[in-house]
Amino acid sequence: MGNIAAGVSTSGPPFKTPGRVGDSPLPGCGLYADNKAGAAAATGQGDIMMRYCPSYEVVRLMREGLAVQDACDRVVFDMKEQHGEPFEVAIIALNMKGEFGASSLIKGWKDAVTNKEYDGFPYAVWRVGQTPAVLTRKCL
């Protein structure tokens, strides 16, 4: 097998607590990759997410043998239970076999460009030789 990587982007200064770096570039929070298990990326309310290292947790669970979707769901569910109040988080992950999963507490999303509304968290999947697909994962 080859190498795997994770990449993320940030929403920038408008949603950050003054003086905070942000969760996106922090390994384990916004992204994490491990050539033995796979990779994960997370988005949402960074000030909350930094407390849980969700990307690392998903990859750790995959390394321990959990299926990708089950690992994503477990981490989001655990964060929801521990935090105790609603917040935004979404995680996508891919294992070394090419299997993917996603989980979220996002109930719906509207694309600002197309005005298309999604019931849950939309994410894109693309495989070489196939047309990219937008999938949706319902809120846990």
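**Salt bridges in the predicted model**

The side chains of Asp73 and Arg137 form a salt bridge, with N and O 2.8 Å apart. Asp73 belongs to helix α3 (residues 68-83) and Arg137 to strand β8 (residues 133-137), so the pair ties together parts that are 64 residues apart in sequence. The model is a predicted one. Asp73 has a relative accessibility of 16% and counts as buried, because buried means under 20% relative accessible area. Arg137, at 24% relative accessibility, counts as partly exposed.

By the rule of a side-chain nitrogen of Lys or Arg within 4 Å of a carboxyl oxygen of Asp or Glu, the count comes to five salt bridges. The pair of Asp73 and Arg137 is one of them; two others involve Arg60.

Arg60 is in a salt bridge with Glu57, where the closest N and O atoms are 2.7 Å apart. Both Arg60 and Glu57 lie in helix α2 (residues 54-63), and three residues, about one turn of the helix, separate them. Arg60 is partly exposed, with a relative accessible area of 22%, and Glu57 is also partly exposed, with a relative accessible area of 23%.

Arg60 also forms a salt bridge with Glu64, and here the closest N and O atoms are 2.7 Å apart. Glu64 has a relative accessible area of 57% and is therefore exposed, the cut-off for exposed being over 50%. Through these contacts Glu57, Arg60 and Glu64 are linked in a network of salt bridges.

Note on methods:
Residues numbered from 1 in each chain as written. Predicted model: local features only at pLDDT ≥ 70, side-chain atom pairs only at ≥ 80, totals over all residues. Heavy atoms only, no water. Helix = DSSP H or I, 4+ residues; strand = E, 2+ residues; numbered from the N terminus. Buried < 20%, exposed > 50% of the residue type's maximum accessible area, 1.4 Å probe, protein only.
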